[in-house]
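Please work through each task before reading its solution.

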Amino acid sequence: MAESQRPLTGIVDDVGGLVDLAAYEAHEGYAGAREALTGMTPAEVIALVKDANLRGRGGAGFPTGLKWSFVPQGEASDDGLKYLVCNGDEMEPGTFKDRYLLEYNPHLLVEGMIIGAYAIGAAQGYVFLRGEYHEPYRQLQTAIDDAKAKGYLGQNIFGSGFNFDLRIHRSAGRYICGEETALLNALEGKRAQPRTKPPFPPASGAWGRPTIVNNVETFCNVPCILRNGVEWYQELGNGEDAGTKLYGVSGRVNNPGLWELPIGTPIREIIDVHAGGMQDGYKLRGLLPGGASTDFLVEKHFDLAMDYGTIQAAGSRMGTGTMILMDDSICPVDMCRNLEHFFAQESCGFCTPCREGLPWVERLLTDIEEGRGKPGDLELLDRNAQFIGGVTNTFCLHAPGAIEPLASALKYFREDFEEHIRTGVCPYANNR
Amino acid sequence: MSEPALIPVLSDAEVREIEEECAHLPDRKSAAIDAMMIVQRHRGWVSDESLGAIAHLLGMSVENLDSIATFYNLIFRKPVGRHVVMVCDSVSCYVMGADPLRKQIEAHLGIGMGQTTDDGRFTLLPIVCLGACDKAPTMMIGEELIENVDGEQLDDIFGRFG
Ligand SMILES: Cc1cc2nc3c(=O)[nH]c(=O)nc-3n(C[C@H](O)[C@H](O)[C@H](O)COP(=O)(O)O)c2cc1C
Ligand code: SF4
Ligand code: FES
């Protein structure tokens, strides 16, 4: 039963590509939403998602049911408005999981959002979609139109009396839009600057109303919990986390790609069995386990299970679960330069350590890479990494995330940095 | 800047699409980004005249709207070529050879990043991760995602875009 082991993507293989409304309904599609809206109270839905132990797939792993429970029940604000928002910004370098779900199984997201909206009592939802996702936009818009035509969106859904409308906001760019409060500003048509927290969005979010923001993959987990129950969902996972996870591998492996596997699958199994191992002539030196803003892991970590707790205990984060491999032809200094260039460019510019510090770090890395490094530069980098990366020193988590790969590279690949400074040349220059 | 109210800068189709967004939002200003993206889809970029007309339509100041426009990298405040070419420079593509590929593309088109070819066909820009890292290196031409870009095939790839 491949499909029941892979509730998010098994159907895509069965159908052989895009899952349209007819195919989706032929595979129990919208049964979860129907069950929730016609047979359960909102509080029961929240309790179920809590019991299932679903954790947010956007990077931080926050328990989804708990987050939903922070929204005041009933008529919260004066006008009773609440919003449900899907974070489909997916701009974390190395991450390509939400695009797959949006392009191939868009009704799963729509169904997950109907259930979420019912649970928190939101009549309006938005999918915040990154601007470059043209094909995902077309597929998701078609899915929304088809669902609307069937009465699964709109007024009195499944005869339950519950109303929910869903629209797509196509973003105009910038990584910081993925940060949930910056996203809400962008949704309101403003510059995407992160907001002061508290208040957190469940208390005051879009247009000052209670708002829940969840990742695409998070919502896609919800319908199968409704359809198959908590026990089934928990048995899908290995170890303490529940469900499946979309894991991805990019870099010099034989078969780079994306696979839905039990959450907690060991790193080495993902790389060797699913990604087909390293290409001939390349050796794996390190990897970023869950996107550009996660700490490097090295050889001694490769047998670890990819779950939230295990990867955190190893000093990194599972993040988005899509890992980026650094093979032995890649210069760690230059790879850090590439990463910090991204983070410096994508700073929203609001606070000084991030706006001034990250370009400064990028320049220092460029100097070291190009043979202009000086003794003492590494200590300078260490100190600034500590300062910029201190979670209380900046207004949002962009800067601390930016420092994670650098601080860990300075720890694990220090001899490479030292050699650049000592010899004034990059030993990997011939590989490029 | 010209007086936006006096000249019908925006087409009926543009105004209709913008009004459709406004109808689904709590206030008109919230449609600022949508409106600029709509106009850009029609015209390729957002000129001072377009900006003024959008600001007028949404009831906000031109300065405020421009401060929003300049925050976002996908809103173009300068004219661009018929096809905008965006080459991914993020980490997975970097690992798979994006730096040498960028040089090949620049040589092929005869322009650097941020420039437009003399014939107005292509504008070249860097872009962050396009979400296709397992098929790196990648780029986007117009609305088409191009995966596993081979620097030896650039003639064929660009030849498809007239
Ligand atoms: C700089 C930055 C960028 C982020 N980008 C994304 C993103 O592209 N997609 C996403 O789902 N979450 C992103 N997040 C996390 C969100 O702020 C938020 O935690 C998440 O959408 C919550 O969804 P979840 O609970 O379902 O994981 C980002 C966070 C930060 C600090
Ligand atoms: S840490 Fe960076 S991205 Fe976050 S608010 Fe400060 S300047 Fe903006
Ligand atoms: S890093 Fe280039 S597509 Fe992701």
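The following exercises treat a predicted model, and each is followed by a worked solution.

**Exercise 1. Extent of the interface**

Task: Determine how many residues of chain B are in contact with chain A, and how much area the two chains bury between them.

Solution: 
1. On the side of chain B, 43 residues are in contact with 56 residues of chain A.
2. The area buried between chain B and chain A is about 3,900 Å².
3. Carbon and sulfur atoms account for 56% of that buried area.

**Exercise 2. Polar and charged pairs across the interface**

Task: State how many residue pairs are in polar contact across the interface of chain B and chain A, which elements of chain B take part in that interface, and how its residues divide by type.

Solution: 
1. Between chain B and chain A, 21 residue pairs are in polar contact, counting pairs with both residues at pLDDT 80 or more.
2. Helices H1 (12-23), H2 (32-43), H4 (62-69) and H5 (91-95) of chain B each give two or more residues to the side that touches chain A.
3. H2(B) gives the most, with five residues.
4. By type, the residues on this side of chain B comprise 23 nonpolar, nine polar and eleven charged.
5. The number of salt bridges between the two chains is five. One pairs Glu143(B) with Arg138(A), whose closest N and O atoms are 3.0 Å apart.

**Exercise 3. A salt bridge within a helix**

Task: Explain how Glu418(A) and Arg414(A) are placed relative to each other in helix H19 of chain A, and decide whether Glu418(A) is buried, partly exposed or exposed.

Solution: 
1. Glu418(A) and Arg414(A) form a salt bridge with their closest N and O atoms 3.9 Å apart; the cut-off is 4 Å.
2. Both belong to helix H19 (residues 414-423) of chain A; they lie four residues apart and are therefore separated by about one helical turn.
3. Glu418(A) has 37% relative accessibility, so it counts as partly exposed.
4. Arg414(A), with a relative accessible area of 22%, is partly exposed.

Conventions
Residues numbered from 1 in each chain as written. Chains lettered and ligands numbered in written order. Predicted model: local features only at pLDDT ≥ 70, side-chain atom pairs only at ≥ 80, totals over all residues. Heavy atoms only, no water. Contact = heavy atoms within 4.5 Å. Buried area = accessible area lost by both parts, 1.4 Å probe. Salt bridge = Lys/Arg side-chain N within 4 Å of Asp/Glu carboxyl O. Polar contact = N/O pair within 3.5 Å; in protein donor to acceptor, adjacent residues only side chain to side chain. Nonpolar A, V, L, I, M, F, W, Y, C, P; charged D, E, K, R; others polar. Buried < 20%, exposed > 50% of the residue type's maximum accessible area, 1.4 Å probe, protein only.
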